[in-house]
Amino acid sequence: MDGINKYNEFVALHKPQLESSAIPVHFWPALYRKLTTDTFDAGEALQLMLIDYDEDDEEQNPAEDDFSPNPVFALGVAREQGIKASDPQAIYLIDHAWTFRLNSARQQLEQYPQLADRMSAITGVDLELTDRVDKILRRLWKYCHAYSIGSQEMSEEERQPIWYVMDEVGSAVSHSDDPNFRLVPLLYLNSQTTYSVMFPIRNCDAGDQVTRDMVEYVVKEAPQRAALLLPWRDADLTEESFLQVEPRADYFTSGHIPETYPKDNTDPLPARLRCDPLKVYAEYEVVREYLTSPEFILVNSEEEADILWLTHHFKTFAEFAEQSPERFINQFPFEYVITIKDLLSIVGRRAVKEHHNRLTLDTYPEWLPTTYNLSTELREFASYYQARAAKGLDNHWIIKPWNLARGLDTHITDNIKQIVRLPSTGPKIAQKYIERPVLFRREELEGPVKFDIRYVILVKSVKPLKAYVHRKFFLRFANHPFSLDRFDDYEKHFTVMNYQEEAQLHHVKCEEFLGLWQEQYPDNSWPALEQMICTMLHKVLQCASQADPPCGLAPCAQSRALYAADIMLRWADDEKIIQPQLLEINWTPDCKRACDYYPDFFNDIFRLLFLDEDNDESFRLLAGNQ
């Protein structure tokens, strides 16, 4: 194949990337040539310069201050005639010095000394420091960038973001609101290699510093821009308001498939008086395995079923009510207002009128961890973070995706420069990390560990609200003793071990736990704590059902539902008062362990939801101020 045809093939294969990255067409031939010949020729036109800071000014010197926004190196135009934006050869390949996933970053730096040496040089960390890996990780957020590879064949773990640090040339490009260059990532499909590509967007003279807009996707006037630029430019945002206001109805529907709901006849459908069993179509294999009660029979098609127990989201409730008024379904319209993390925080804040305590800055209600949406409330979050810092308050946060579970792409940090960068890999919330959790002693470990509690919630109706919790709650434990450090130690700071290949799953049934709790915390009655938990769960369901859809749960006569609430306990006052914290509410939770522990788990639940068989031994009715 001749050169022209090969170039045309390159363009055909890479055109979507080239156009989406807005790489001007006149650069494409030179980019093709440099990719095919592996040519890195930026050094012919540009030069790397070490910036000389005043040794006495430690705050300005990035070699002395891990959180300084100032660069260690600068990149300047060395060519005497300068660089023209119209020059078709003025496009430069930038190699990636380090490619990694965040959960393995520390391990790689500790395992490969040459990598750590190179990252030390790029970030300005002294090679001789014993804590240099910690310092590199703190400074990383001025230098790293991310991309994701999406494929239907890949697992959620494989689709997690990939971060990278460019080589010394790319890492020396500084931020400017009026940049003269652009830098964009490019996947060269022929070799499946990722590079960055640098090219001028205006003419540059010899000696000019090469700059880029680090947040070029955000317009200059955007209110969140100052917060996004914190890794590269300090800004005092304490004068900005950090109050949170409930958004309009369109916020609740944005990004969601439209769903319908019945407007009439929404009183809960009564249990049927019939002798033959109810036919159940269940997509969840655990239901199919453990639903053995003779009052129910499994069927293989939705059309013949009296009960649909689905694991995919159902949206056409109005049509279902009209066409199949005698059938049940295991979902409520707009239930995502409690199962999506940012919406749950909005719903929870309806429980109180006041936003926060002016002295302590603690937000209300006390059972809801302070939570900010980093897409829509980033400026408010940065203001709140800085207000806490000014008061010397703890500032550790857990950053979670809205819509992923199992701890995927979830990170704990007190570094605001990291926090504002993490949403670049997908929408996230920042939730105040519980720095003083109530801990649990495991005899085989040297120190106490974190744990959380999962309560299964059963909802029969929302107007009127009628909901229960299963009396058998479930416990999950960390495997390493807790301390407020090493936040990349998953088994210290997380409790979900089911999906970690080498992690031990520590089993304790609730009956055993209650005895151990009494031994470890004799001054803190578990029945009193459970009453607080149940009151909290009733309140959040009440808040979710008081607003009209799409801002709240919609009533539907045929709807029944099972959710799982994940709860932690924190010390509220000098390790005397314990305050439950609602972390999240899960849709279609994994109930395999529940069934292993209690084989009648689904039998009891189905009798409660679909036969109206109240069973006080298994279920507790939720009510206000219990």
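How are helices H12 and H17 oriented to each other?

## Two helices that cross

In this predicted model, helix H12, which spans residues 341-349, packs with helix H17, which spans residues 526-546, at an angle of about 95 degrees, and their axes lie 8 Å apart. Angles of 65 to 115 degrees count as roughly perpendicular, and H12 and H17 are therefore roughly perpendicular to each other.

The residues that meet can be named on both sides of this pair: H12 contributes Leu-344, Val-347 and Gly-348, while H17 contributes Val-540, Cys-543 and Ala-544. As a general point, an α-helix has 3.6 residues a turn, so residues three or four places apart point the same way.

## A mostly covered helix

Helix H5, made up of residues 132-139, is mostly covered, since six of its eight residues are buried. The buried residues are Arg-132, Val-133, Lys-135, Ile-136, Leu-137 and Arg-139, and among the elements that cover them are helix H3 (105-111) and helix H4 (113-123).

## A buried arginine

Arg-421 is found in the loop that runs between helix H14 (416-419) and strand S18 (428-432). Although Arg-421 is buried, it has no salt bridge, and the nearest side chain of opposite charge, that of Asp-213, is 11 Å away.

When neighbours within four places in sequence are left aside, the residues in contact with Arg-421 are Trp-141, Cys-144, His-145, Trp-163, Pro-231 and Trp-232.

Key
Residues numbered from 1 in each chain as written. Predicted model: local features only at pLDDT ≥ 70, side-chain atom pairs only at ≥ 80, totals over all residues. Heavy atoms only, no water. Buried < 20%, exposed > 50% of the residue type's maximum accessible area, 1.4 Å probe, protein only. Helix = DSSP H or I, 4+ residues; strand = E, 2+ residues; numbered from the N terminus. Contact = heavy atoms within 4.5 Å. Lys, Arg positive; Asp, Glu negative; His and termini not counted. Salt bridge = Lys/Arg side-chain N within 4 Å of Asp/Glu carboxyl O. Axes fitted to C-alpha atoms, helices over the stretch in contact; angles between N-to-C directions. Parallel < 35°, antiparallel > 145°, perpendicular 65-115°, else oblique.
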